[in-house]
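Hi there,

Here is the structure I promised to pass on. Please open it alongside this note, and my findings follow below.

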Amino acid sequence: MPDSRRGQIRRVLVTVLGYNLFVLGIKLAVGLGTGSLAVLADALHSLTDSLSNVLGLVVNAWAKPEPDRQHPYGHQKFEAIGALAIAALLGITCFEVLRQAGERLLGDTPPPEIGGLELALLVVVLAVNLLVGWYEQHQGTLLDSPILQADAADTLSDGWINLAVLVGLLGVMAGWTWLDAGLAIPVGLLVLHSGWRILTTNLPWLVDEMAIAPEAIAQVVGQVAGVVECHQITSRGVVGRQVFIELHLVVAPPDLVTAHNLSDQVEALLQQHYGPAGITIHVEPTGYEIQDICHQPVPVDTLESNRGNDHA
């Protein structure tokens, strides 16, 4: 990613983060001031937006990660660890909101005290969310940034939550005192879903789950003329952020220079499809074909047969 484009994306993310913190502050003030659990749950959802912006800034800063001596595979897993910590924080906090909502519905806790000022502030929050979402979506399209486009979609979806909370507070003012705690439950569950999504997105990275189907990699590699087949294909990481691909490549040319050039072509094609990627290719001559493309121990009799073909 060119530095100028990375700088533009970073400025958008910083701008959006500032507005999200502004919205978060208003929701916290209204929620704590009125005792509204629905508003506090909505504030928790805004907290996830702010933390997503922070993670987006981290991703942007490491869009071209440079490994060092202590971290030869880069630093991306630090981001995944931070994301899991955020998911844990969301889970604990949301559980407390849901617990209080249940107690309020089942007990005699006084309803929140809602006034015109609080409603006006929440209308401002709704307007800011819609404007920020439109701005981020527009910039994401201009800069062709998946990070901005995904975050904009999430910000725009928040408008429906803000609207539901506003309707709930109007219901409380009309005498439906249970509506505030009732709305806090679905909003809280939505926040839990956000935490679960963070967990399921980042956990595969930490446990080195397969990132790309071996069959898909083999199909891409097979497009290069001179490649016979590939096997023992492994991959890990997250496509679009950073992946690592390893494979054994069987080539037709007998000389090392031509085989090396084929390997470079394969690497360039894989980078085009799945980059940024760290790619390791073990080149083998014709006669080392193996039917199973997935990584597994090579049978001894296959090795002996291949060695025999190589010496023939």
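**What turned up in the sheet**

Leu-249 in S2 is the bridge partner of Cys-230. Before going further, a word on the source: this is a predicted model, in which local features need pLDDT of at least 70 and side-chain atom pairs count only at pLDDT 80 or more, while totals for chains, interfaces and linings use all residues. Residues are numbered from 1 along each chain as its sequence is written, and side-chain values use heavy atoms, with hydrogens and water left out.

Another bridge pairs Ser-235 with Ile-245 in S2. In total, 9 bridges join S1 to strand S2 (residues 242-251), and the two run antiparallel. Strands here are DSSP runs (E, at least two residues) and helices likewise (H or I, at least four), numbered from the N terminus; two strands pair if DSSP finds at least two bridges between them. S1 and S2 make a hairpin with 3 residues between them, and Gly-240 in the turn has a positive phi of about 100°.

The open sheet has 3 strands in the order S1-S2-S3, with mixed pairing. S1 and strand S3 (277-285) are at the edges with a single partner strand each, so one side of each has no neighbour in the sheet. H7 packs on the sheet and touches S1 and S2 (contact means heavy atoms within 4.5 Å); its direction makes about 130° with that of S1. For such angles, axes are lines fitted to C-alpha atoms, for helices over the stretch in contact, and values run from 0 to 180 degrees between N-to-C directions.

Is S1 enclosed or open? Of its 12 residues, 10 are buried, so S1 is largely enclosed by the rest of the structure. Buried means under 20% relative accessible area, exposed over 50%, and partly exposed in between (1.4 Å probe, protein chains only).

**A salt bridge**

The count comes to 1 salt bridge, taken as a side-chain nitrogen of Lys or Arg within 4 Å of a carboxyl oxygen of Asp or Glu. Its partners are Asp-208 and Arg-236, at 3.8 Å from N to O. Asp-208 lies in the loop between helix H6 (179-206) and helix H7 (214-221), and Arg-236 in strand S1 (residues 227-238), so the pair ties together parts 28 residues apart in sequence. Asp-208 is partly exposed, with a relative accessible area of 36%.

**On the surface**

Leu-106 lies in helix H3 (residues 76-106) and counts as exposed at 79% relative accessibility.

Best wishes
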